[in-house]
Structure formats: structure tokens, C-alpha cells
Amino acid sequence: VGKVYAALDTGVSNDYTVLTQIDSTGKVVDIYRDNKKTYEQLTGEVLKRVKKYNATLLVETNSIGGPVFEVLQKEWQDTHPFNTSNSSKREIIEGLILAFNEGSIQIPSIELEPELHHELEVFEMNYNPKTRTVQYAARTPFHDDMIMSLAISNYNRLQNKLPVNLHSQGRGR
């Protein structure tokens, strides 16, 4: 499997908490998705899974993610914060779109992860001509928790892999 990069999108109320783990080749190796667990159960499950793959973990720190991040960081040193803003969301989603277009990411089949495939179908881009801004989100009333976790884990992989890639391809700065 090699190096694994993980991302935790923390859910509030009806949303799901999703952990996606992706290897250095862009293959998704593990997805955990739940919304009916206590914080103790949730952090325990996340820790068990990131330890299994010795993963570098990014935790979305918005909303309830802050306290979850603090608990996880105490137990797993290779845990780092990720703050989702409109601009960071745009960056990670466009990075994910590029990865799909280049074929540099492999997700589980629709049979294995039907929820992820459904989220990809209902996810859309909206352009506001007045503010000239782009927003990415799932159509109402659907969720985008799995996409966000996938996008953050892909971002984690690219951020941590890029210097090696540039060097190995002989491109100087």
C-alpha cells in the first residue's frame, strides 16, 4: 500500500462523519462513514483505522471538528488541522476534479460504496455572476461528506507527495 493519507470530515446532526484513506498512488484503501456514534466511539474507530495504515491525518476543524481534532492529535501525532473555507473547498474540489480527469485517483466500485457514487452524482458547481464566485456543494437535500473527505485526503496526498514528484520528474524550481 505504501504511504497512506487520511482525511476526516466531521458531521453535525444529520450529516455523516467520514474518514477516507488514500494511498500514494491515489487508490482509496479505506472509507469509514457513520452518524450514530458518540465522540468516544468515533475517535476510537478513527484512531484504529489510521493506526492500521500509519496514515497522515487531516481533520476538518470547522464546527465540531475542532474538539475532535484535539482528541485525535493527543492520540495520533501525525494529525493536522484542515480549515474548510469557500476558497479552500474550491481548491480541494478542483484538485479532485483534476485527479478524476487525469485518472490519478481510484475509488471503490458503486457496489462497494454506493453512497460515494450517489454523492458524486448530486454534487454540483454554482457560479454567482454578481460576486463572480464559484461554490461547490451537494444539491439540497443531499450530503457531500464523502466527497469532502475524499477531496481532503487527495489534497493531503498531493501536498505531501508533490516535492518528491517534482524532483523525480526532473523539474527544477
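This is a predicted model: local features need pLDDT of at least 70, side-chain atom pairs count only at pLDDT 80 or more; totals for chains, interfaces and linings use all residues.
## Burial and surface

Residues are numbered from 1 along each chain as its sequence is written, and side-chain values use heavy atoms, with hydrogens and water left out.

## Fold and dimensions

The secondary structure consists of five helices and seven strands, where helices (H or I, at least four residues) and strands (E, at least two) are DSSP runs numbered from the N terminus. Their order along the sequence is β-β-β-α-β-α-β-α-α-β-β-α.

The radius of gyration is 16 Å, in agreement with the value near 16 Å that a compact globule of 173 residues would have (taken over C-alpha atoms; the globule rule is 2.2 Å times the number of residues to the power 0.38). Along the principal axes, the C-alpha trace spans about 45 × 40 × 35 Å. Among contacts with a separation of 6 or more, 57% join residues 24 or more positions apart, a contact being heavy atoms within 4.5 Å.

## Nonpolar cores

The largest nonpolar core has 23 residues, of which Ile 31, Ile 92, Ile 93, Leu 96, Ile 105, Leu 150 and Ile 152 touch the most other members. Such a core is a set of buried Ala, Val, Leu, Ile, Met, Phe, Trp, Tyr and Cys residues joined through side-chain atoms within 4.5 Å. Two or more residues each come from strands E1 (4-9), E2 (17-23), E3 (28-34) and E7 (133-138), and from helices H3 (86-102) and H5 (145-168). H5 gives the largest share, six residues. Apart from this core lies another, of 17 residues, including Leu 8, Leu 42, Leu 72 and Trp 76.

Leaving aside neighbours within four places in sequence, Leu 96 contacts Ile 105, Ile 147, Leu 150, Ala 151 and Asn 154.

Ala 6 lies in strand E1 and is buried, with a relative accessible area of 0%. Beyond neighbours within four places in sequence, Ala 6 is in contact with Leu 19, Thr 20, Gln 21, Val 50, Ala 55, Thr 56, Leu 57, Leu 58, Ser 153 and Asn 156.

Conventions: Buried means under 20% relative accessible area, exposed over 50%, partly exposed in between (1.4 Å probe, protein chains only).
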